[in-house]
Amino acid sequence: MRRITLAACGVESCRGISAAVLFAGLTLLLGGCGDNGIISRFMLKSDRIIVERRPDPAYDQLFPYYVELCATSQFRSKLKGEGGLAGHAVMYIKGACKDEEASFPQLRRCRVAATDLHDSEHGAGVSVGRWFQNVNWVAIPGYDLFYQGNLKPGEPLTQAHFDATVSDVISKGVYKGVKFHASPSVGANPNLADFIAAEGIGTDLALQFARSVFCARVPITEPMLDEIIAFLNDKNQEYFKGEADYNWSVWADNCAHTLRNALAAANMWSPLSVRAVKFRQIFNLAVPANEFVNLAELGTSGNIGDYREIQRDRPERDALYEFHWLPTRQGALLKTLPVHEPNDLYDTTFRLFTLQSPFRMGRTQRAIDLLSDERFVNLNANLRYFRDKYDTILASHNQRRDMLTSVRGSPYRRIERIYYEYIEAQRVEVDSMLGRLSELEDHTDGPKSK
């Protein structure tokens, strides 16, 4: 199995790292960004190896809707130099498709619940652009164009394929209606093809042309999908039809802010404020790799066994009440995609930066552990893991059931009832999925999932 090196995959939560933030700022100012300088404390060493993980084809037949929040590495072009150290954040939404009829980037519900990753109605990628002026994000139609730039495995990335991808992006109207701020690479009022070649390819789409990609995937419900679509559409409409331009800010309003807040609109977690007053914005930073790890931890190892804690956690409580959903669940998986090889245009060495305290590296190791754990990268192992968790929760509930609770009274009566109904429903769903997965594997010509 092919392997790639993982550089800097770990975080401290952006809300509790003021010391780390200040240290990082001083480091960047005083120590430079070289791999051998102080900044190397924020980069994982090259001996931390993660096996490449690609999606199980059966996954899309079991889960009709999901989101993937992804961190991408810094790109290093053989011709144009390097991109930003922190990389980029993007999101792929299965079930949301690019609205071809809209005069500016908007999403719509896909017309079918696709079971094939390559279906044109499968989903869309979302990328916030630093140089966008009258919108905040663009939608990229389809998994293949978003991640692979329509390259086949083993097919070389050449200048000819790069140029063909630029033409394909224009024909699909990805940047339809978008105006741009002046950028150093193409200046003001750029030719669209020049902008896509300089700023779009490898950043908004065709990610694997230039970057390694780490994604946390979490299944969602149909009503949650609608909330995410509505949030993103409203955001672009405000800029396109309003008087204010979008002005990207690394501190106050970057790619990761929008994506995190889109998921917060569906009660997946709490939102981050954009452009808080002066110094307070330092507690609302959003770093691409940090948000990937945050969602990875939430989806795989968050609280699922204590309904009292869920009641006290506002996003979890609201998600359970409103969507009958909790973020730590079956189907929450991680994936890694390396820079495409062979590659004539970009350096294929993996790099990923995270903002964290250089004195506390425990969460870095936690991220490595998650990416190395079969339960969180393999669908079959994941389903069996959550089946066992649900069994344990239900067995414990039956053993300590208190028949006098209704007499004594309890502030948790409603949440307890809803919670155990939810756990029982998830247990049934997991069992059904394991049965379907076994059938799918029996009818597959390729190797079975391990």
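1. In this predicted model, helices α7 and α8 are roughly parallel to each other, because their axes cross at roughly 25° and angles under 35 degrees count as roughly parallel. Helix α8 covers residues 288-301, and its axis comes within 9 Å of that of α7. The crossing of this pair is left-handed. On the α7 side the contact involves C255, A256, R260 and L263; on the α8 side it involves P288, E291, N294 and L295. Sorted by class, the residues of this contact are five nonpolar, one polar and two charged.

2. Helix α4 spans residues 159-171 and helix α5 spans residues 192-200. Their axes come within 10 Å and cross at roughly 120°, and the two helices are therefore oblique to each other. The crossing of α4 and α5 is right-handed. From α4, the residues in the contact are F162, V166, V169 and I170; from α5, they are L192, A193, I196 and A197. The contact of α4 with α5 has eight nonpolar residues, with no polar and no charged ones.

3. Six strands form an open sheet in the order β10-β9-β6-β3-β11-β12, and the pairing is antiparallel. At the edges stand β10 (137-141) and β12 (333-337), each of which pairs on one side only. From one strand to the next, the twist averages 25°.

4. Within that sheet, the pairing of β3 with β6 can be followed residue by residue. Strand β3 runs over residues 66-72 and strand β6 over residues 88-94. Seven bridges connect them in the antiparallel sense.

5. Which helices lie across β3, β6 and β9? Helix α6 (residues 222-241) lies across these strands and also across β10, running at about 130° to β6. Helix α7 (residues 255-264) lies across β3, β6 and β9, and its angle to β6 is about 30°.

6. How many disulfides does the structure hold? There are two. A disulfide is a covalent bond between the sulfur atoms of two cysteines. One of the two joins C70 to C215, with an S to S distance of 2.1 Å. This link is right-handed, with 105° about the S-S bond. C70 sits in strand β3 and C215 in strand β11 (residues 213-219). The two cysteines are 145 residues apart, and the pair links distant parts of the chain. In the strand order of the sheet, β3 and β11 stand next to each other.

7. Two backbone details deserve a check by eye. Most residues other than glycine have a negative phi, and most peptide bonds are trans. A206 is not a glycine, yet has a positive phi of about 50°. This alanine, A206, lies in the loop between α5 and β11. The peptide bond joining E341 and P342 is cis, with omega about -5°. P342 is placed in the loop between β12 and α11 (362-372).

How values were computed: Residues are numbered from 1 along each chain as its sequence is written. This is a predicted model: local features need pLDDT of at least 70, side-chain atom pairs count only at pLDDT 80 or more; totals for chains, interfaces and linings use all residues. Side-chain values use heavy atoms; hydrogens and water are left out. Axes are lines fitted to C-alpha atoms, for helices over the stretch in contact, and angles run from 0 to 180 degrees between N-to-C directions. Helices (H or I, at least four residues) and strands (E, at least two) are DSSP runs, numbered from the N terminus. Angles under 35 degrees count as roughly parallel, over 145 as roughly antiparallel, 65 to 115 as roughly perpendicular and the rest as oblique. A crossing is left-handed if the near helix is turned anticlockwise from the far one by less than a right angle, and right-handed if clockwise. Contact means heavy atoms within 4.5 Å. Ala, Val, Leu, Ile, Met, Phe, Trp, Tyr, Cys and Pro count as nonpolar, Asp, Glu, Lys and Arg as charged, and the others, Gly among them, as polar. Two strands pair if DSSP finds at least two bridges between them. A disulfide is a pair of cysteine sulfur atoms within 2.5 Å.
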